[in-house]
Amino acid sequence: MLISGYEIEKITDYLWEIPKQGRMLVPGRIYTSKNMLEGSLQNDEALKQVANVAHLPGIQKYSLAMPDIHWGYGFPIGGVAATDFDEGVISPGGVGYDINCGVRLARTSLEFNEVKSKIDDIVKQFFKDVPTGVGSSGAIKKLPPKEIKNILINGSQWAVEHGFGNSDDIEYTEEKGKLIEADPDSVSERAIERGQDQAGTLGSGNHFLEIDVVDEIYDEKAADVFGIFKGQILILIHTGSRGLGYQVCDDYLKVLVKAEKKFNFNLPDRQLACAPIQSQEGQDYLHAMRCAANFAWNNRQIIMYLAKKSLLKTLNISESELDFKLIYDVCHNIAKIESHNIDGVKKKVCVHRKGATRAFPPGSEFIPNKYKDVGQPVLVPGDMGRYSFILSGTHKAMEETFGSSCHGAGRLQSRTKAKKSGKGRDLIKELQSQGISIQAKGYGTIAEEMPYAYKDVFDVVDIMHNSGISNKVAKIKPVGVIKG
Amino acid sequence: MHNYKFIEHTADIAVELTASTIEELFLCAVDAWNKAMLDAEILYDDEKIKLDFEAESLEELLVNFLSEINYLFLTKKWFCTSAEDIKLIHTDKYKLTARLAGLIVDNSKIDFKEEIKAITYHQLEIKKINGKYTTRIVFDI
């Protein structure tokens, strides 16, 4: 089937291949459906980007893409690539600007029916307590560079040590909220400056803080293990490393564009700028990227704490009555050193997940003990009007996708088009009529982020479920949203 | 003479710039950055800033120049209202001197549309077509 200039071969109904051609080192493989290929991917540059990624030195097995694939910078969003630790490269394009953009899901003991009449008040309180929007700052006092460096080393452990949460939160965060071998000396002063007043802030764009209700359970056993029941109130947080992470990416794109020339890689796209993992440039980026990832975990940890405070204040209940617990925190923009089975041999690789979520299986030593029987929670936000999903990791993901799954719905309409679609309509009222209370810094953001601007995340999740890469556990629906 | 046109982009903001000279193309880029951030026009300024850059290519120079303007806004809350004077010299490298007008702003009082988080290299190529300089630039939001 000819799609976007490539002859695509069907492997299964949900897995399609771009055969190795030209200077590609491995084939490209996309988890998608015939409908998506002939629809949104037909005129998208994303397939070309899958093929481009296959040129990266040291790439293993396949250049992969998840079903929420769409065009990005260098790598497609939804792209996964593992490169040989000793002889391969690392690329900031495979991580993205918002390093460790991710999702955190917390549960409460509350049922929707008990707090239905208070949702508006909670949303207003969230909006007061969690800084949102362009250049948002001041969730906690502006921190001196020395303290920011402590965050860069310690991640969300810094927040917990400073009273923004408890040690259980660390246990239920991917990598326990801290990537080791993070070196603040690799991070520019400018990046640190951008982070000084942004710890605990949501930012703008598609980042959000949501109140959700568990709408449907697909896997009773896993839901029970995750502490989820139908009608329960959950809190979902989506944000990343804010300006600090962007600056790290910006700084190292400059370094790695030069490195790519120095090492004479001759890649098909300048934004695939990269360096050997073992080179000075590669190590410096890795050390700085880990710092930004740690900053993001700390950010989500503080926001979770602020959300808890808002809930307690609005509902006027005790901590034990609220029983606010972290289910899991996952990152979906990252590069990590992991061991994977390559042609029957365990091999150390650098897994780039750009708009892709780690999805480790039952029994994995890298997930909390409590989840060992069912696998890691995989959190997949949809849009603010429909639903989001909780999935679980599988062994098949370890075999086929370096333990990775999808990360979201992906935009369907540009921001301009979404604004045009919303003209003359009372979007806040429309959301209210669907039972969703919203607060945002600007009306423009609401228009840009309306459900019609996004693909249906149900289709994305179904492909992951049907291909065995992750299992559906529960569907959750938003009832309260704050946006930047 | 210069002008810019915002074009469809699914996730971010893309703009096409056209100008008679390279200097005007850079002025045009500042105008586009400003418009991407804010619908209203701020007609006054209270501080001029002078910037000097050098780079190996015009594209790198443009990205570095806009990144600096963006940085001044994000960290110093100094919002650039216009570029008043731009001089460009090409020897072994491209060298730019610019005088910018702007002011310190209070984010809570001005309704900025977007937070431009980075100036990307995507589809960025400065070309001369029919006597006009042109390029596309994508702002990551």
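These questions and answers walk through a predicted model, starting with how it is read.

Local features need pLDDT of at least 70, side-chain atom pairs count only at pLDDT 80 or more, and totals for chains, interfaces and linings use all residues. Residues are numbered from 1 along each chain as its sequence is written, while chains are lettered from A and ligands numbered from 1 in the order in which they are written.

Colleague: Which helix gives the most to the side of chain A that touches chain B?

Modeller: Contact here asks for C-beta atoms, placed from the backbone, within 7 Å. Helices are DSSP runs of H or I with at least four residues, strands are E runs of at least two, and both are numbered from the N terminus. The contact takes 24 residues from chain A and 22 residues from chain B. H8 (189-195), H10 (242-262) and H14 (415-422) of chain A each supply at least two residues of chain A's side. The most, four residues, come from H10(A).

Colleague: How many residues on the side of chain A that touches chain B are charged?

Modeller: Asp, Glu, Lys and Arg count as charged; Ala, Val, Leu, Ile, Met, Phe, Trp, Tyr, Cys and Pro as nonpolar; the others, Gly among them, as polar. That side of chain A has six nonpolar and eleven polar residues. The charged ones number seven.

Colleague: Arg242(A) lies in H10 of chain A. Is Arg242(A) buried or exposed?

Modeller: Phi of Arg242(A) is positive, about 55°, although the residue is not a glycine. A residue is buried with 20 or more other C-beta atoms within 10 Å of its own, exposed with 12 or fewer, and partly exposed in between; C-beta atoms are placed from the backbone. Arg242(A) has 31 C-beta neighbours inside 10 Å, so it counts as buried.

Colleague: How does Lys77(B) count by its C-beta neighbours?

Modeller: Lys77(B) sits in the loop between H2 (58-76) and E4 (78-90) of chain B. Its phi is also positive, near 60°, in a residue other than glycine. With 14 C-beta neighbours inside 10 Å, Lys77(B) counts as partly exposed.

Colleague: At what angle do H4 and H11 of chain A pack?

Modeller: Axes are lines fitted to C-alpha atoms, for helices over the stretch in contact, and angles run from 0 to 180 degrees between N-to-C directions. Under 35 degrees is roughly parallel, over 145 roughly antiparallel, 65 to 115 roughly perpendicular, and the rest oblique. H4(A) and H11(A) are therefore oblique to each other. Their axes are 9 Å apart, and the angle is about 135°.

Colleague: Which residues does Phe126(A) touch, leaving out those up to four places away in sequence?

Modeller: Phe126(A) lies in H4 of chain A. With 26 C-beta neighbours inside 10 Å, Phe126(A) counts as buried. Phe126(A) is among the residues that make the contact of H4(A) with H11(A). The residues touched are Leu209(A), Ala307(A), Ser310(A) and Ile482(A).

Colleague: Which strands stand at the edges of the seven-stranded sheet of chain A?

Modeller: Two strands pair if DSSP finds at least two bridges between them. The sheet is open, with mixed pairing and the order E3-E4-E5-E6-E7-E15-E14. Each edge strand has a single partner, so one side of each is left without a neighbour in the sheet. They are E3 (9-12) and E14 (333-342).

Colleague: How many bridges join E14(A) to E15(A)?

Modeller: E14(A) and E15(A), residues 345-354, run antiparallel. Ile334(A) stands opposite Arg353(A) in E15(A). The bridges number ten.

How values were computed. Two residues are in contact if their C-beta atoms, placed from the backbone, lie within 7 Å.
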